[in-house]
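Biologist: Please show me the sequence and the structure, and then we can go through the fold by question and answer.

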Amino acid sequence: MSDVTSHAPAQIGSTHRPPRSVRRDRATVAVYAADPVLRVGIVQQLRQRPEVDLVDEADAERAQVSLVVVDTVDDEVAALLNRLRHNSATRTGLVVGTLGAGALQRVIECGVAAVLRRAEADQDQLLNLVLAIANGEGVLPGDLLGKLLTHVGSLQRSALAAGSLSLSTLTTREADMLRLVSEGLDTAEIARKTAYSERTVKNVLHEIIARLQLRNRAHAVGYALRNGLI
């Protein structure tokens, strides 16, 4: 794919005319596309609608809506989306050929407010997309929303599983020391039994209590016994 970020928004009207004034009761839109064919198609659809005011390059940074039209989302597209995200004057919509769940999460992280598949991008759908973005709303096709929720849920479950494993698993040294605590030994006795210094014993037991968010040694022993860790 050619460099999306190097392309200016769609130019509307003759380049010999002075910039026209923007009517405030219409949604101002800048169109970005690396492929001139894609750009022309979107521009021709939108310029027929009185609710939309397509802006020239000079006004692109002040457009209410930045519409990015691409086949797929790659690093160049993501860079453009990130640049637009930092422009507080505009909100970004994406018209895209194909978009998987992982790419969907990526574009949302890049600040995209609404997504429309190119195959569904007729004049009415484009207008609905633009007006929703201008009104501060978010738009996703139903199936993409379902994929996003499934993807996010999977990531959350993975993170929780990893966190649970790291929190609930004891090293051999930690398990040995807790087992000795459960037998009633104090710090000095545990140090002699394990050949560690008393400072090391205190540090290890403190680390267990802090990591598992427990109250004291007795609580740690009870937790370890309930969870079959010792």
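Modeller: Two strands pair if DSSP finds at least two bridges between them; strands (E, at least two residues) and helices (H or I, at least four) are DSSP runs, numbered from the N terminus. This is a predicted model, in which local features need pLDDT of at least 70, side-chain atom pairs count only at pLDDT 80 or more, and totals for chains, interfaces and linings use all residues. Residues are numbered from 1 along each chain as its sequence is written, and side-chain values use heavy atoms, with hydrogens and water left out.

Biologist: In what order do the 5 strands of the open sheet lie?

Modeller: The pairing in this sheet is parallel. Strand 2 (52-54) and strand 5 (112-117) are the edges, each pairing on one side only. The order is 2-1-3-4-5.

Biologist: Within what arc do the buried residues of helix 1 fall?

Modeller: Buried means under 20% relative accessible area, exposed over 50%, partly exposed in between (1.4 Å probe, protein chains only). In helix 1 (residues 36-46) the buried residues are Leu38, Arg39, Ile42, Val43 and Leu46. Seen down the axis, they line one face of the helix, because their arc (directions from the helix axis to the C-beta atoms) is within 125°.

Biologist: Which exposed residues does the face of helix 1 turned away from its buried side carry?

Modeller: This face lies opposite the buried side. Its exposed residues are Pro36 and Val37.
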